[in-house]
Amino acid sequence: MKVQTLNKVAEITALFWLLKIIATTLGETLGDFIAQTLGLGYSVGILITLTFFLIVLSVQLYSKKYVPLYFWLVIIATTTLGTEISDFMDRSLGLGYTYGSLVLAVGLITTLLLWYSKYKNLEVYPIINKNKELFFWITVLFSNSLGTAFGDYLSDEIGLSYLVGALVTALIIAFVILLHYFTKVNQILLFWIAFVFTRPFGATFGDFLTKPLNKGGLDLGTLLASTVSVVLIAIFIYISHLQHQNKLLKNGL
């Protein structure tokens, strides 16, 4: 009962992965809407999305229990901020997606090593300790930024179409699922691999929805794609809220 009361993160279920994929798609389309469609640029885009991230992260950290809305707003904030960070590193700083991905990969691995050195594990559920939760969110931000850069690397550097890029990352995720169910490979390692690769899937799929037809996209536009994603994620967050409330009632909490 104590764990369920104090835990601060979502349980890893099929609904978790569905919400993560929609959130990553929204992060890509919303990030592009702010920087490109509105013409604000990546520097201003980072300021806007960083402000949103810090606000929702503060609410999440200071909440004394897991609230689905708070948790998923931070996930959305990390995917949107990750889009701006990746594009800023590539286009404004001129690092390119190859070097940008390497920088973000080093940041991700360093954070995971620091996390492990302090807690001797990388378990993501449940998380009760606030410092451990902070490690979790820093890791999430690095992984979502890296996933964005890798997704763009597939399309811009390797030359895969957005749809093929999405299929490639989907196959990697499917392979991880098979490893999860049919092997004894470390489950925490598989979680982080899947968590990272859902981001490039969302990035490439988001680009597929929004980019012009002559560039291999569906040309739906960033506003329409973002609006549809917001509606979908709102529905599934509500479902997550109902499931969480029913679980608390079932356990008498």
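Is Leu6 buried, exposed or partly exposed, and what is its relative accessible area? Leu6 is partly exposed, with a relative accessible area of 31%; buried means under 20%, exposed over 50% and partly exposed in between, with a 1.4 Å probe and protein chains only. The model is predicted, so local features need pLDDT of at least 70 and side-chain atom pairs count only at pLDDT 80 or more, while totals for chains, interfaces and linings use all residues. Residues are numbered from 1 along each chain as its sequence is written, and side-chain values use heavy atoms, with hydrogens and water left out.

**View 1. The whole protein.** The protein has nine helices and zero strands, where helices (H or I, at least four residues) and strands (E, at least two) are DSSP runs numbered from the N terminus. The radius of gyration of the protein is 18 Å, close to the 18 Å that the globule rule gives for 253 residues, so the protein is as compact as a globular protein of that length. This radius is taken over C-alpha atoms, and the globule rule is 2.2 Å times the number of residues to the power 0.38. The C-alpha trace spans about 55 × 35 × 35 Å along its principal axes. Of the 253 residues, 48% are buried.

**View 2. Leu6 and its contacts.** Leu6 belongs to helix 1 (residues 2-6). Not counting residues up to four places away in sequence, Leu6 touches Lys64, Ile127 and Ile128; contact means heavy atoms within 4.5 Å. Leu6 and Ile127 are 121 residues apart in sequence, yet their C-alpha atoms are 8.3 Å apart in space.

**View 3. Thr198 in helix 8.** Thr198 sits in helix 8 and counts as buried, at 1% relative accessibility. Leaving aside neighbours within four places in sequence, Thr198 is in contact with Trp17, Lys20, Ile21, Thr24 and Ile173. Ala14 is 184 residues from Thr198 in sequence, and the two are 13 Å apart in space, C-alpha to C-alpha.

**View 4. The largest pocket.** A pocket is found on a 1 Å grid over the protein atoms alone: it is an open set of points with protein on both sides within 12 Å along at least five of seven lines, whereas a cavity is a set of points where a 1.4 Å probe fits but cannot get out. The largest pocket has a volume of about 490 Å³; grid points are joined across faces, edges and corners, and a volume is the space filled by probe spheres set on the points. Its lining has 19 residues, of which Ile12, Trp17, His180, Phe191 and Ala194 lie nearest the centre; lining residues have an atom within 4 Å of a point. Helix 2 (14-37), helix 7 (162-182) and helix 8 (187-210) are the elements that give two or more residues to this lining, and helix 8 gives the most, with six. By class, the lining has 14 nonpolar, four polar and one charged residues. Ala, Val, Leu, Ile, Met, Phe, Trp, Tyr, Cys and Pro count as nonpolar, Asp, Glu, Lys and Arg as charged, and the others, Gly among them, as polar.

**View 5. The second largest pocket.** About 320 Å³ of space lies in the second largest pocket. Among its 17 lining residues, Glu11, Tyr66, Ser240, His244 and Lys247 lie nearest the centre. Helix 9 (222-250) and helix 2 each supply at least two residues, and the largest share, five residues, comes from helix 9.
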